[in-house]
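Biologist: I have just opened this one and could use a guided look. Could you walk me through a few of its features?

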Amino acid sequence: MSAPTRPATPLAPMPEELEQRLESHRIELRAYCYRMLASPFEAEDAVQETFIRAWRGFAQFEGRASLRSWLYRIATNVCLDMRRSGERRARPMDLGPSSEPILANLNQLPETHWLEPMPDSLVIAAEGDPADTAVARDSVRLALVAALQHLPPRQRAALILCEVLQWKATEVAELLETTVASVNSSLQRARATLDNSKPTASDTTSTLDPADRELLARYVRAFEAYDIDALTALIHDDAVQSMPPYDMWLSGRDDIFAWRFGPGIGCQGSRVIATTSANGSPAFGQYKPSADGGHEPWALQVLELHDGKIGELTFFLATDTLFPLFGLPARLGA
């Protein structure tokens with residue numbers, strides 16, 4: 001990346017200063033791009049492209065808007081470019097009804113682009129106002145990010161900017177190069193689309209209290225022991241489970257257990273280790289027993305806690321990309 005050669009001015013800082021100013025916005029821009037694209041890897045690509053365009057175009061930045069607003073304009077255009085094909089990322093429950101817990105229903109859809117989890121540490125600032133942190137965590141919930149993907153990209157951008165980032169409609173209209181009336185219309189249509197799918201604040205636990213932590217510790221012990229009685233006490237009757245990249249998803253604790261103690265019995269004897277939270281929820285690396293006596297990666301488990309129990313379990317099976325992202329070891333020894 002070549003540095004600008006013209007002298008530094010208040011609007012044209014030296015390269016080192018510009019780099020620091022860009023980096024100070026990385027986490028919030030990554031979070032924005034993730035909500036737009038539903039992939040941590042695409043979000044990182046989008047932020048990198050945003051910084052490249054900002055670096056190359058800084059000579060034309062006239063300072064009429066803040067650097068932050070200008071970066072969001074660039075990031076929005078980058079995300080719109082990446083989503084012009086019309087494809088969207090989804091979860092299994094977006095594609096059809098729940099299935100019976102039988103092996104015949106375990107199908108991969110190679111043309112499907114699945115929603116991917118994001119480590120909280122990459123999209124939520126380590127230090128910040130607790131209220132802002134709670135809003136940031138809720139705004140990257142798996143269900144909400146998936147619901148956003150149902151919106152056309154420009155509607156998605158308008159909703160995120162107004163509802164999550166609290167921009168004024170006038171500011172969003174300027175960023176999207178449209179009218180305030182158009183922004184308000186987009187917001188109305190977007191809200192109507194999300195009415196039946198957007199989780200509310202009471203749906204999930206925003207922060208873990210001691211009881212939640214004890215619940216998770218009990219879950220790890222019960223899962224590793226494959227103890228159906230212990231698991232029954234921890235999982236809601238109407239819990240749901242999915243396993244991307246398979247399109248099958250299960251509704252209800254009975255079907256979840258029918259799978260685990262039937263076709264999914266190969267998970268017995270697994271080890272489970274905690275990792276950084278994902279999308280505002282607890283996450284664990286699951287390792288299945290391997291022939292050499294050790295344990296090999298199987299799934300990144302993301303758990304949603306509802307009213308003191310586990311209400312949703314997502315087993316992301318793309319361990320080759322997700323385990324490094326979450327800092328999980330490649331395998332566990334005997």
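Biologist: At what angle do the axes of helix H7 and helix H9 cross?

Modeller: Bearing in mind that this is a predicted model, the axes of helix H7 (residues 153–164) and helix H9 (residues 180–194) cross at roughly 95 degrees and come within 9 Å. Angles of 65 to 115 degrees count as roughly perpendicular, and H7 and H9 are therefore roughly perpendicular to each other.

Biologist: Which residues in H7 and H9 meet?

Modeller: From H7 there are Gln 155, Ala 158, Leu 159, Cys 162 and Glu 163, and these meet Val 183, Ser 186, Leu 187, Arg 189, Ala 190, Arg 191 and Leu 194 in H9. Sorted by class, the residues of this contact between H7 and H9 are seven nonpolar, two polar and three charged.

Biologist: And Ala 181, is that buried or exposed?

Modeller: Ala 181, which lies in helix H9, counts as exposed because its relative accessibility is 56%, and the cut-off for exposed is over 50%. Ala 181 is also eleven residues from Thr 170 in sequence, with 9.3 Å between the two in space, C-alpha to C-alpha.

Biologist: Switching topic, how do H3 and H4 pack?

Modeller: Helix H3 (residues 40–57) packs with helix H4 (residues 67–82) at an angle of about 125 degrees, and their axes are 9 Å apart. H3 and H4 are therefore oblique to each other, and their crossing is right-handed.

Biologist: What makes the contact there?

Modeller: On the H3 side the contact is made by Glu 42, Ala 46, Glu 49, Thr 50, Arg 53, Ala 54 and Gly 57, while the H4 residues include Trp 70, Leu 71, Ile 74, Ala 75 and Met 82. Taken by class, the contact of H3 with H4 has nine nonpolar, three polar and four charged residues.

Biologist: Zooming out, how many helices and strands does the protein chain have?

Modeller: The protein chain has 13 helices and eight strands, and its C-alpha trace spans about 65 × 45 × 40 Å along the principal axes.

Biologist: What is the radius of gyration, and what would a compact globule have?

Modeller: The protein chain has a radius of gyration of 22 Å, which agrees with the value near 20 Å that a compact globule of 334 residues would have.

Biologist: What share of the residues is buried?

Modeller: Buried residues make up 48% of the 334 residues in the protein chain. As for contacts with a separation of 6 or more, residues 24 or more positions apart account for 67% of them.

How values were computed:
Residues numbered from 1 in each chain as written. Predicted model: local features only at pLDDT ≥ 70, side-chain atom pairs only at ≥ 80, totals over all residues. Heavy atoms only, no water. Axes fitted to C-alpha atoms, helices over the stretch in contact; angles between N-to-C directions. Helix = DSSP H or I, 4+ residues; strand = E, 2+ residues; numbered from the N terminus. Parallel < 35°, antiparallel > 145°, perpendicular 65-115°, else oblique. Left-handed = near helix turned anticlockwise from the far one by under 90°. Contact = heavy atoms within 4.5 Å. Nonpolar A, V, L, I, M, F, W, Y, C, P; charged D, E, K, R; others polar. Rg over C-alpha atoms; globule rule 2.2 N^0.38 Å. Buried < 20%, exposed > 50% of the residue type's maximum accessible area, 1.4 Å probe, protein only.
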